[in-house]
Every structure is written in C-alpha cells, then in structure tokens.
Amino acid sequence: MTTWHDYLIEKGHAPDWPYPVRFDREQEIDADVLVIGGGIAGCWAAISAARQGLKVALVEKGDTIRSGSGGPGCDHWCNAPANPLSNVDPDEWAEHMADRPYANGIGIQIQCREDWDTLLEMEQIGGKIRDTGGEYTGAQGRDEKTKLMISPRYTTVHSYVPGAIGPTTFKSNPDHKLNNVVIRVWGTTFKPALKRECKRLGVTIFDRVMGTSLLTENGVQGARVIGATGFNNRTGEFVVFKSKATVLSTAGAGSIWLLSTELGGYSNMHSRTMSGDGTVMAWKAGAALTTMERTGIIGIATGLKHKWYSGAGDASYENVPIVDANGKRVPYPIQGWEDAGAMAPTPQAMEAVRKGILSGEYALPFYGDFPSMPDVERRATWKLMLGEESTTKVIMDTFNAAGYDESRDLLQSYRFIEGASLPQWRDAGSHGGIVVDWDLKTTLDGLYAAGTQMFSPEDHSYCAATGRYAGRKAAAYASQVSQAKISREQVEREKARVYAPIKRSAGIEWKELHAGIARAMQYYASEFKTESLLNMGLGALRKIEEESVPRLFALDPHKLMRSLEDVSMLTYAQIIIHASLERKASSVPLNFQRIDYPALDPPEWKKFITVKLENDRVKTGELPARYWGNMKGEYDARNRDYTGVYRGK
Amino acid sequence: MPRDKIVAMPNVATPNNPVVFDAEVCNGCNHCVEVCQVDVYIPHPEKGKPPIILHPEECWYCGCCANDCPRPGAMKFNWPLQQRGYWKNKATGEIHQV
C-alpha cells in the first residue's frame with residue numbers, strides 16, 4: 001500500500017498532511033553570507049565562505065544531500081587543465097574554451113585555474129576521484145602513479161567549438177600529445193560529502209526552503225542586496241534572511257516550453273525544481289541579465305524523448321561503437337579514444353547516416369555494441385561512467401537487474417526512431433543568466449552569482465569551481481560591510497504575494513498555468529520570431545499575469561511551491577521575449593532566428609544584450625563580446641591572495 | 001474483480017508508480033523521502049511502513065531514492081511503460097525489454 005489511492009481505498013480517507021502547517025509563521029535568520037540554491041555551486045559557495053570563518057546560511061528547495069542537477073552524480077570533471085596529467089596550459093585552454101560565441105570567459109577562466117584544486121578539496125572531504133582499488137587497471141587514460149582516470153573527451157579534438165572537427169594546435173602542446181583535461185570521477189560520492197562538509201563547518205542549512213525574493217536596502221530596486229525571503233515547502237513557514245552578502249546559485253527555467261510537467265523522462269538531466277527562481281529574484285531586485293534570448297532544443301527525455309543523455313552516442317556514449325540492426329558499424333563519432341573525444345556527429349555525418357537509412361544501407365534500430373569492447377573499457381564506460389553520472393546509475397542498475405549483460409548484449413539506441421525534437425520544444429535551462437564581473441559579483445552590491453545562475457554556464461566542475469570562488473569573494477565583501485536594516489514593507493509585500501494562492505481553493509492550479517505559459521511561448525517565441533509575434537507573446541503572457549495568476553490556487557505548501565515556480569517561469573518567459581525583441585539579428589550559436597532580421601551573426605551584433613528593471617521598467621543595454629578583458633591578466637590581478645587547496649581544519 | 005465498495009476518486013496521476021516497495025523489507029526509515037529533490041513521497045502516517053507516493057508525476061527518474069536506499073530489496077524502480085529500454089542478445093538476436 002504505497003500509492004495514494006491504495007491508502008484512500010484501505011483507510012477510507014486521504015492521509016493527513018504529514019508536516020506541521022505553519023503558514024504565516026515567520027522566522028528571521030541572520031547570516032554574513034547567504035547562499036540561495038544548494039546544488040553543486042551553492043554547496044561549494046557555502047563551504048568556501050564558511051572556511052573564511054563567516055556565518056553562512058544555505059537555502060535549498062529540496063534536500064542538500066542529493067539536490068540539484070548534479071545531486072545524483074557526475075562522471076566527468078571537465079576543463080581541468082591544471083591537473084598534473086594535462087598537456088596544455090590552463091590559461092591557453094581557457095582562452096580556447098572562451099572562444100565559443102557567447103561563452104562566459106570569466107567563469108571559464110576560474111574553472112580552468114581552480115577546478116583541479118576544487119577536485120582535490122572534493123577528495124579531502126570524502127569524494128572519490130582516483131581508482132585506488134585498481135578496478136580499472138589497464139584502461140586507456142588511467143595513470144598508474146596518480147590513479148587518475150583521464151577521459152577521452154577533448155583528448156585532441158572537441159566539437160564544442162564550432163568547426164573544431166580537426167585537432168586544435170595549442171602553443172603549450174605543439175606535439176599534439178593528448179590534452180588530458182577531463183577526468184573521470186566517482187561523482188555519486190560528491191553531493192553527500194558536500195552536505196557533510198557544510199554541516200561540519202557550521203553552515204546553517206535550510207532544506208525544503210524555496211527562496212522567493214531578494215531584499216534590498218530600503219526596499220529600493222537596484223540598491224544593495226541585504227537579504228532574502230523564502231518559505232518552507234513542507235510547512236509553509238516564512239523565512240526572512242538578513243545577510244551582508246548573498247550568493248545566488250539556483251538554475252535556469254528548464255520546462256518553459258513544455259506543455260506537460262509530467263513524465264519527467266528517462267534521463268531528463270534536470271528536475272522540475274529547475275524553474276529560474278534565482279534569475280527572477282535577481283531581475284526583480286534590478287540586476288542585469290544577459291543572453292536571455294538564447295535557447296536550446298530539448299534533445300533529451302522530458303517524457304517525449306527516450307535517451308540516456310544528450311551525448312553523442314545515445315545508448316552508448318564514450319568509446320561504445322554504434323552498429324545497425326545487422327551489426328554493421330554506423331559512422332558515428334563515439335566520443336572515445338579512436339575519434340579523439342569528438343562530442344557529437346557533424347551535420348554532414350548525420351545526413352550521411354540518414355541517407356544510408358533511407359537507402360537501406362543501415363537498418364534500424366541502432367545499438368551500442370558493448371560486447372565488442374575490451375573488458376576494462378566496457379567496465380569503465382558502463383560501470384564507472386554510467387554508474388557515476390547523474391541519473392544514469394539507476395538506469396544501468398535496472399537493466400542489469402532485468403537481465404541485461406553488457407558483455408553479451410547490444411544496448412538499443414533511439415536515434416532516428418524517436419524522431420527529431422520539434423522546434424517548439426525549447427529549453428531555456430542553461431543559457432541566459434546573470435551578468436557578473438571578475439568577483440562573480442552581479443550588477444548589484446552585495447549580490448553574487450555562481451554556476452548555472454550566471455549567463456552561459458557550463459558543467460558540474462564549472463559549478464563547483466565558480467561556487468567556491470563566489471563564496472570566497474562574497475565572504476571578502478561581507479567582512480568589510482555591516483548588516484543593513486530590512487524594509488518591513490518589502491517583506492510584507494512579498495509575504496502577501498507568496499501566500500495569495502493558499503487563500504483560494506478554486507481557480508487555476510499550477511499545471512494549467514504552466515501549460516498556458518508554455519503554449520504562449522510555443523506560439524510566439526519559438527522557431528518563427530518577428531517583432532509582432534514577440535509582442536503578441538508579451539501580450540499573451542501579460543494576460544496570464546493579469547487574469548490567471550490572481551486565480552492561482554494551492555492546496556498545500558508543496559503545491560504552493562509549484563505555483564510560485566510557475567509564476568517565476570512566467571516572468572522568466574517575459575524576460576526572454578524582452579531580450580529577443582532587443583536582438584535585431586539572427587544567430588546560429590544563440591539558436592535565434594528573427595524573420596524580420598534574417599542576417600546571420602552580422603559582426604555588429606556579436607555582443608551581449610543586457611536587460612534589467614529600473615523603476616520597474618525594462619531597460620536594455622549591451623556589453624562587448626569579450627567584456628571581461630584579458631582573462632589571464634584580470635584573473636591574476638584579482639586573485640593574488642588565492643592560496644590554492646584548502647589546508648585548514 | 002468487483003469490489004464491495006467503490007470510492008469515487010479522480011483519475012490517478014500518470015505515471016503513478018515510479019517505484020515499487022517491498023513492505024516486508026522496507027522498515028519505513030524514510031531516507032528516500034529525504035533524498036528526493038522533488039518530494040515524490042511523504043512518510044506513511046504509521047511508523048515503520050513504506051512511504052506513500054504522493055507526487056509520482058513529478059518524478060524525474062534521477063534514481064537517488066533507489067540508489068541510496070539502505071535496505072537492499074526494499075524498493076525497485078518501475079519505469080513507466082513508454083520509457084522501458086530495449087536490448088538485443090548479440091549472438092541470438094533475441095530482443096528484450098526492461
């Protein structure tokens with residue numbers, strides 16, 4: 001009897017809400033550094049601020065032990081050119097990675113300089129980063145001395161950089177040795193270790209608390225950030241946080257274009273909690289955002305798709321050859337040693353395979369040919385990589401429990417048979433975000449951002465390194481300023497907004513609101529963008545804001561959280577349209593087509609569009625493409641006091 | 001099988017059963033309730049019983065509940081029908097599904 005309906009049938013009544021109900025009760029918390037979002041970036045920010053001896057509060061919507069997109073695990077520690085096996089200079093590698101259009105050079109420089117130190121600290125606190133037991137002796141990339149496992153990713157080629165289908169020559173690696181910048185890790189051990197370390201350092205963790213707004217000095221938009229509000233999504237209790245510095249480390253709004261919130265999918269990579277709350281809080285407080293017009297296409301899961309992840313090989317991935325239904329090798333890159341870590345098929349390769357399917361050259365479906373791999377490489381991919389990656393461990397375990405034997409069986413691929421994603425299934429999850437400077441400070445005093453909260457974020461190790469860095473910088477700022485008095489009026493206004501849906505028991509519930517927002521975005525801010533369509537979108541969203549949001553109802557604290565997430569996504573959607581209206585050109589890397597401005601990536605538009613609120617009016621601006629200046633020089637100038645790997649208690 | 005008494009209720013959520021508990025093995029420690037980032041579960045009102053699946057349609061199939069369950073065999077992942085993957089025995093060509 002574990003389903004709700006079983007309980008109802010057996011007991012004759014629904015279960016009572018299992019947590020104390022404390023709507024309208026309020027707690028006030030004082031902290032030097034407040035961190036909102038307890039995923040990878042947030043935990044690292046809290047840890048590094050606490051190591052400076054400051055009083056730190058960490059706010060997390062789920063439970064810090066496994067929350068966030070990186071909560072379940074991590075298989076690749078990317079962009080770690082400072083590791084001892086690397087054959088490239090960290091600064092040169094950083095420049096190379098930041099060469100991608102609209103990348104975040106500040107975050108990448110921090111990642112390339114500091115994520116190896118961060119990984120060593122991960123090991124100090126109990127994360128597993130080496131093959132100490134010799135389980136993978138003989139695997140390519142395994143170093144006997146350090147027991148580190150280098151991944152084939154980016155070994156010589158990497159197709160993240162457009163056009164980089166051949167090897168890139170680095171000054172620091174003229175002989176084309178393997179770059180060795182990506183490390184295979186045992187990431188399922190990471191998140192529990194991070195929570196443990198937060199607790200050990202005395203970080204006050206507020207699990208199951210959703211941040212709802214930032215508090216500013218005198219309640220004025222654009223003024224210094226001096227705290228935040230939140231509420232407990234199990235009890236409904238309101239929390240007011242007072243802080244000297246605040247780090248935002250929540251994520252983007254993953255499901256804006258998706259009508260259904262259900263069928264999260266085989267391997268969605270992001271849960272429903274990824275709803276853009278932090279970005280919207282920063283927006284309302286007056287912080288500048290950028291690249292908000294950029295979207296991706298949902299290529300994975302969400303219940304509509306059926307994949308392991310977004311990677312090249314689908315059912316296989318690293319080092320697993322793809323074969324057709326007759327066992328014939330399909331010419332796909334496999335992100336392995338043989339193709340030097342190529343990430344994804346080129347459009348030409350995809351087209352050739354498609355033609356081959358139509359002509360009968362390749363028979364569907366395709367399979368990952370695990371049995372053909374050397375035993376140690378098979379184990380390294382199946383057990384280490386898939387076993388340690390976010391969300392894939394349970395897939396692997398389920399297959400094995402059902403009788404799948406990777407040494408005997410081919411694993412089906414869903415490429416082609418599941419079809420391509422519709423252009424209306426977009427993803428705003430990891431694209432736009434908050435503008436930061438070299439301290440990862442936002443455009444507001446007292447407010448910092450890390451990880452996926454910043455514009456153009458990267459992966460797990462990026463979140464870890466930038467979180468650790470933002471925590472350090474926020475702590476330095478907090479040590480110099482005093483706490484400010486919060487505006488009670490601002491708190492009361494937010495409280496009224498937060499609790500409005502629980503005062504109603506009829507009207508519109510969150511799922512209907514969500515689908516309404518998604519539909520408006522599908523119609524007016526998708527494949528076909530014109531000034532008039534985008535304006536129609538703004539109108540449609542405004543109508544939802546004016547007519548439907550005031551009718552939102554939530555029957556318990558959990559549904560209240562979901563309702564407020566959708567209200568966040570409504571604002572997030574509006575910001576996307578404001579930014580889209582401002583970019584009067586089309587762009588391939590931004591996945592952005594303006595029918596009324598068809599020129600693709602004209603040089604004068606190779607810049608960042610910024611948007612922010614000033615006196616509640618949208619103000620747009622711009623930043624040059626490489627507004628961060630010389631990456632090495634700027635980083636060095638601001639981090640002379642950086643002491644490397646933590647040596648304290 | 002007709003029931004003596006039928007309770008009027010809305011359609012159940014789809015999918016409605018992302019995991020299956022074995023009540024004989026589960027001791028109701030509620031660790032899964034804690035690790036779930038979307039709060040799929042609530043603790044059972046009776047101590048020692050497996051949790052109640054309250055928000056199954058919010059499951060993102062991250063697997064943390066099953067991965068971290070301290071009692072082996074207490075819970076099993078139960079993929080929705082449309083998400084169950086296939087494999088093929090390379091030697092015999094026989095097709096299987098999770």
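Reply: Let us begin with a term: two strands are said to pair if DSSP finds at least two bridges between them. Please keep in mind throughout that this is a predicted model.

Me: What makes strand S10 and S16 of chain A a pair?

Reply: Strand S10 (residues 289–290) of chain A and S16(A) are joined by two bridges in the antiparallel sense, and since at least two bridges are needed, the two strands pair. Within this pair, A:Leu289 stands opposite A:Ile434 of S16(A).

Me: Why is strand S8 of chain A called largely enclosed?

Reply: A residue is buried if 20 or more other C-beta atoms lie within 10 Å of its own. In strand S8 (residues 225–232) of chain A, eight of the eight residues are buried, so the strand is largely enclosed by the rest of the structure.

Me: How do you know which strands pair with S8(A)?

Reply: The bridges tell us, and there are two partners to describe. Strand S7 (residues 209–216) of chain A is joined to S8(A) by seven bridges and runs antiparallel to it, with A:Met210 opposite A:Phe231. Strand S9 (residues 238–248) of chain A pairs with S8(A) over five bridges, again in the antiparallel sense, and here the bridge partner of A:Phe231 is A:Phe238. The hairpin of S8(A) and S9(A) has five residues between the strands, and A:Gly236 takes a positive phi near 85° in it.

Me: How do you know that the length of helix H7 of chain A agrees with what a helix should span?

Reply: The expected span is 1.5 Å times one less than the number of residues. For the 13 residues of helix H7 (residues 347–359) of chain A this gives 18 Å, and the end C-alpha atoms are 18 Å apart, which agrees. After H7(A) comes A:Gly360, whose phi is positive, near 90°.

Me: What makes chain A as compact as a globular protein of its length?

Reply: Chain A has 15 helices and 19 strands. Its radius of gyration is 24 Å, close to the 26 Å that the globule rule gives for 649 residues, so chain A is as compact as a globular protein of that length. Its C-alpha trace spans about 65 × 60 × 55 Å along the principal axes, and buried residues make up 56% of the chain.

Me: Why is B:Val25 called partly exposed?

Reply: B:Val25 has 13, so it is partly exposed. This residue is found in the loop between strand S1 (19–21) and H1 of chain B. Leaving aside neighbours within four places in sequence, B:Val25 is in contact with B:Arg71, B:Gly73 and B:Ala74.

Me: What makes up the contact between the chains, and which element of chain B gives the most to its side?

Reply: The contact takes 44 residues from chain B and 44 residues from chain A. On the side of chain B that touches chain A, S5(B) gives the most, with four residues, and the residues of that side divide into 27 nonpolar, 11 polar and six charged. Strand S14 (residues 409–412) of chain A pairs with S5(B) in the antiparallel sense over three bridges, and A:Leu411 has B:Trp87 as its bridge partner.

Me: How confident is the predictor in the complex, and what values does it give?

Reply: The predictor gives the complex an ipTM of 0.96 and a pTM of 0.96. Chain B averages a pLDDT of 91, and 97% of the residues score at least 70.

Key. Residues are numbered from 1 along each chain as its sequence is written. Chains are lettered from A and ligands numbered from 1 in the order in which they are written. This is a predicted model: local features need pLDDT of at least 70, side-chain atom pairs count only at pLDDT 80 or more; totals for chains, interfaces and linings use all residues. Two residues are in contact if their C-beta atoms, placed from the backbone, lie within 7 Å. Ala, Val, Leu, Ile, Met, Phe, Trp, Tyr, Cys and Pro count as nonpolar, Asp, Glu, Lys and Arg as charged, and the others, Gly among them, as polar. pLDDT is the predictor's confidence in each residue, from 0 to 100. A residue is buried if 20 or more other C-beta atoms lie within 10 Å of its own, exposed if 12 or fewer, and partly exposed in between; C-beta atoms are placed from the backbone. The radius of gyration is taken over C-alpha atoms; the globule rule is 2.2 Å times the number of residues to the power 0.38.
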